[in-house]
Amino acid sequence: MAYTVLPEGVSSESFDEALKEYRKILGDDNVLVGLDETVSYRKIMLPIDEMTVAPSGALMPTSVEEIQAILKVCNKYKIPVWTISTGKNFGYGSAAPATRGQMVLDLRRMNKIIEVDPVLCTALVEPGVTYQQLLDHINEKGYNLWVDPPSPSAIVGPTGNILERGAGYTAYGDHFMMQCGMEVVMADGEILRTGMGGVAGSTSWQCFKWGYGPYLDGIFTQSNFGVVTKMGFWLMPKPPIYKPFAVRFANLDDIGKIVDLMRGLRMGGLVPGGGIIQSALYEVAMVNKRHDIYSGPGSIPDEVVAREAKKLGLGVWNIYAALYGGIQEQIDVNWKIVTAAFEGIGGVVETADDPNMNKKLFARPVAMMSGQMSLEEFGIYNFRGAGGGSMWFAPVAPAKGEETSKQTAMARAILSKYGFDYVCGYVVGVRELHHIIDLLFDRSDAVDTRNAYLCFRELIAEFGKAGYAVYRTGTANMEQVAEIYGPAQRSVNKKIKRALDPNGILAPGKSGITI
C-alpha cells in the first residue's frame, strides 16, 4: 500500500507490517492512518507548513499493557512515536509531532481518576484526565479541595501540563513543584514508578516526592525519555476565606516598580498565589477584533491601547491576585498592608464590590484563582484574523524591576519591527519572573505568517544574547532554544537518550533531544 507520510527510514512494506501488529493490539478503530484520519493531529497555530509536522498515523491505547506492546513494535520496525495526553498544547505545537512521519501516541482514552485523597489532599490520575473531569469528581464527592488549572483550563489535563512545567493561578500554581510520583513506561517496556512508588505496598507515593537515591521525576519533564502513564500531585485545600482583587496602573513605565513590589509580597507570603500582571492589550484582545480598534500600519499605537483599555475600565497594566486564609482578622490585616503597598506606588486597588470594576473581565481571574474553569482567554485567538496563528514566547528573568523594564523594551522593539502587537503578561513566581508574550498573527496571510516566523526567531536569539532564555517553547523552535542552553546540557541529554532509548523511538526532536 502507498502511504502519503512514512516514518523516516521505514519502507512501505515495513510500515504495513507494523500497522497490522498495531491493529492486533488496539483494534482497527484505534489505529488511524492517512491524511483524512489524522487531520486533527496536524492542525497547528505555528507559522510553518503543517505538512512538515504531519504524522504517519495515530495510536490510541487504553492501558499500560497496550503501550508496552506498541513500544515493542516501534522498536522492531524503528518507528517513532510522539506522545500526547489531551493534545491541546495551543501555541506550542498542539498535537502535532516535532518532525514529520512520527506516529502520535494519543493517551486521551486513558482517563481514569485512580485516587483522590481528601485528607492528604493528593491525586493520582491517568494522562487523559482533564481538569474539568477532576473538578467534577471532587465536587461530586464533596471534597473541600481546589484544582489549579492553567489558562486552557477545562479542556487540558494535569499530566501534560505538569510534564511541560506549566503554571496556574492559585497558591499551588507551580505545577511541577506540586507533582509527587509518576509511573513511566520506558522505551524497552519496563515500568518505572518514581519516588516512593517503587516500594512494594507503598502508602506514601503521593506524599513524599524524593524517595531514595537520585531524584528522577525531573528528567521526564520536557523530554523524550519515557511515556508517563500515571501522575501524582498535590491539591490545594479549599481556604475558608478567599479575597480576590485587581490593581490598575496607568503608565507603561510602572512595570518595574510593580514587579519590585510583587516580589516582596510574594516572598513575604502576603500574596501566596496569582500574581498575574497583564498588559491592557492582552485583555482588550480577548473581547475585540484587531481591525475594529485599529486599521493602520504597524503595531497598535500606545494611545489606541490606552483608549480601548479605558473603555473597559482597565489600566495599562492590570494585576490580579488574591488573599487566602482561615482567620478573618488576619485577612483584614494583610489586606491593609497589601492595599497600602499598591496605593503607595500609584496603583488603584479594586474588588468585585467597586462600582468601576468590569465584572465580566474580572470573573475570569476570580474563577481561575479559585481553581474554577474559564475559557474566556481563548478570545485572543480571534484577534488577528480567522487564521488563528499563535506562538507563546516565555523568557525567564530575575524578579527585579530593572530586568522587567529591560525585557519590556526589548520585546516591544522586536515585535514592532515586524508589525506585531505587544500582547503579554508577567507572572511573578517568588524569585523568578515569567514574561509571557503571545505573538498573534494571521496564518491565512502568507506575509503575516512569514514575518511571525522571523520575529519569533529573533526574539529567541536576542533575548538569549541578553541572558534571557525561554523555559518552554513550541515544536518549531525546540532546536534553536536547546542551543541557547549550551553544549554540555545537550551532550548530557543525548547520553541519557542513548542509554534509555537506543533506537530513538520516543518523540525524536522533543526539546532538541535526539540520539
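User: What is the volume of the largest pocket?
Analyst: The model is predicted. A pocket is an open set of points on a 1 Å grid over the protein atoms alone, where a 1.4 Å probe fits, with protein on both sides within 12 Å along at least five of seven lines. Volume is the space filled by probe spheres set on the points, joined across faces, edges and corners. For the largest pocket it is about 520 Å³.

User: How are residues numbered, and what pLDDT do local features need?
Analyst: Residues are numbered from 1 along each chain as its sequence is written, and side-chain values use heavy atoms, leaving out hydrogens and water. Side-chain atom pairs count only at pLDDT 80 or more, totals for chains, interfaces and linings use all residues, and local features need pLDDT of at least 70.

User: Which residues lie nearest the centre of the largest pocket?
Analyst: The lining of the largest pocket holds 26 residues (an atom within 4 Å of a point). Five of them lie nearest the centre: Gln-222, Gln-489, Asn-493, Ser-511 and Ile-513.

User: Which element gives the most to the lining of the largest pocket?
Analyst: Two elements give two or more residues to this lining: helix 13 (478-484) and helix 14 (487-500). Helices (H or I, at least four residues) and strands (E, at least two) are DSSP runs, numbered from the N terminus. Five lining residues, the most from any element, come from helix 14.

User: What is the phi of Gln-222?
Analyst: Most residues other than glycine have a negative phi. Gln-222 is not a glycine, yet its phi is positive, at about 50°.

User: Where is Ala-507 found, and what is its phi?
Analyst: Ala-507 belongs to the segment after helix 14. With 10% relative accessibility, Ala-507 counts as buried. It is not a glycine, but its phi is positive, at about 40°.

User: How many cavities of 30 Å³ or more are there?
Analyst: A cavity is a set of points where the probe fits but cannot get out. Counting those of 30 Å³ or more gives three.

User: Which residues are closest to the centre of the second largest cavity?
Analyst: The second largest cavity has a volume of about 110 Å³. Helix 4 (158-163) and strand 10 (227-234) each supply at least two residues of its lining. Of the 13 lining residues, the closest to the centre are Asp-148, Tyr-172, His-175, Phe-233 and Trp-234.

User: How many residues of strand 19 are buried?
Analyst: Strand 19 runs over residues 432-441 and is mostly covered. Of its 10 residues, the buried ones number nine.

User: Which residue of strand 19 is the bridge partner of Cys-424?
Analyst: Two strands pair if DSSP finds at least two bridges between them. Strand 18 (residues 424-428) pairs with strand 19 in the antiparallel sense over five bridges. A hairpin through three residues joins strand 18 to strand 19. The partner of Cys-424 is Ile-437.

User: Which residues of strand 19 are the bridge partners of Met-391 and Val-396?
Analyst: Strand 16 (residues 389-393) pairs with strand 19 in the antiparallel sense over five bridges. For Met-391 the partner is Leu-439; for Val-396 it is His-434.

User: How many disulfides does the whole structure hold?
Analyst: A disulfide needs two cysteine sulfur atoms within 2.5 Å. The closest cysteine sulfur to that of Cys-180 is in Cys-207, at 6.7 Å, so it is too far for a bond. Cys-180 is buried, with a relative accessible area of 0%. A search of the whole structure finds a total of zero.

User: Is Gln-278 buried or exposed?
Analyst: Gln-278 lies in strand 13 (residues 273-279). Beyond its neighbours within four places in sequence, it is in contact (heavy atoms within 4.5 Å) with residues including Trp-317, Arg-364 and Cys-424. At 3% relative accessibility, Gln-278 counts as buried.

User: What separates the C-alpha atoms of Arg-23 and Lys-112?
Analyst: Arg-23 is in helix 1 (residues 12-26) and counts as partly exposed, at 30% relative accessibility. Leaving aside neighbours within four places in sequence, its contacts are Asp-28, Val-31 and Val-33. Lys-112 is 89 residues away from Arg-23 along the chain, and the C-alpha separation is 23 Å.

Methods: Buried means under 20% relative accessible area, exposed over 50%, partly exposed in between (1.4 Å probe, protein chains only).
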